[in-house]
Amino acid sequence: MSRKVFLPGCALPSYNPMNVEAVIKHLKNIYPDLSVVQKCCGKPTQAVGQAAKFEERFAGLVEDIKSCEAEEAIVACQSCMKTLAKGKGYKTTSLWELLPQIGLPKELVGKAKGSDVVFSVHDSCSVRDYTGIHDGIRWIVNELGYKQVDPEGRAREKARCCGFGGMVVPANPDVALRVMKRRVDDFPTEHIVVYCAACRQSFIKAGGKAWHILDLVFGDVVHANTPPPEDTLSKPLKAWRNRYRSKQLIKSAMR
């Protein structure tokens, strides 16, 4: 079995460190020699045209992966997955494709069968062409026992941007908010499930009710009257504290 490294990305640790820890513990049960690297792939700098800064940050990530002697990267962030695969040709596997293969923790299967919530699934626009990821997310939702639907004509390969892509938020926040609200209006139900923490932030900012897929896996069962988690990514100080907390939990989980 090839040695593997897990990359949680930037946004997920900034949003919910406990989800990061829970994923690592589950993966380590399957892959005891798992390594973890929490570092930015550099994609945000690339998106704003800072080519030199991107190369510097991406090189740092590659160096850390090399130090783990890993042959395969398990990636929770769609941007990291595409950047890493394109940049250095590393074997990359999306966490959302892997979980259906290795299964969820047995005690969590079917936990939400009594929930009265129907989730609309939002597909990240960066992986419009990744059918395996689309299928994996829906498998996870169904395995947990939740009901789910797709926004008609706006799912999978036809998914629309959440409003966060391309660094639109810092460049033109008014346009970004209009795109966010337009996307929320696509969904046939008020409850939304995403697999990108930045997408979740967009929908919360637009007045939607959104959960990250890992909130459903490792969090409490969601019911119709359950409020969504707070928008931590819009609070820089809290986001940085969460990222630091994530690093502490990673160290603890890896002992």
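## The largest pocket

In this predicted model, 43 residues line the largest pocket, and Ala 11, Pro 44, Phe 164, Met 167 and Ala 198 lie nearest its centre. A pocket here is an open set of points on a 1 Å grid over the protein atoms alone, where a 1.4 Å probe fits, with protein on both sides within 12 Å along at least five of seven lines; lining residues have an atom within 4 Å of a point. The largest pocket holds about 1,300 Å³ of space.

Two or more lining residues come from each of helix H1 (11-15), helix H3 (43-47), helix H5 (78-88), helix H8 (168-171), helix H10 (197-205) and H12. Helices are DSSP runs (H or I, at least four residues). H10 contributes the most, with five residues. The lining comprises 27 nonpolar, twelve polar and four charged residues; Ala, Val, Leu, Ile, Met, Phe, Trp, Tyr, Cys and Pro count as nonpolar, Asp, Glu, Lys and Arg as charged, and the others as polar.

## The pairing of H2 and H12

H12 (residues 236-253) also pairs with H2 (residues 17-30): their axes come within 8 Å and cross at roughly 20°. H2 and H12 are therefore roughly parallel (under 35 degrees).

In H2, Pro 17, Met 18, Val 20, Glu 21, Ile 24, Lys 25 and Lys 28 meet Asn 242, Arg 245, Ser 246, Leu 249, Ile 250 and Ala 253 in H12, contact meaning heavy atoms within 4.5 Å. These residues divide into seven nonpolar, two polar and four charged.

## Basis of the values

Residues are numbered from 1 along each chain as its sequence is written, and side-chain values use heavy atoms, leaving out hydrogens and water. Local features need pLDDT of at least 70 and side-chain atom pairs count only at pLDDT 80 or more, whereas totals for chains, interfaces and linings use all residues.

Notes: Axes are lines fitted to C-alpha atoms, for helices over the stretch in contact, and angles run from 0 to 180 degrees between N-to-C directions. Angles under 35 degrees count as roughly parallel, over 145 as roughly antiparallel, 65 to 115 as roughly perpendicular and the rest as oblique. Grid points are joined across faces, edges and corners, and a volume is the space filled by probe spheres set on the points.
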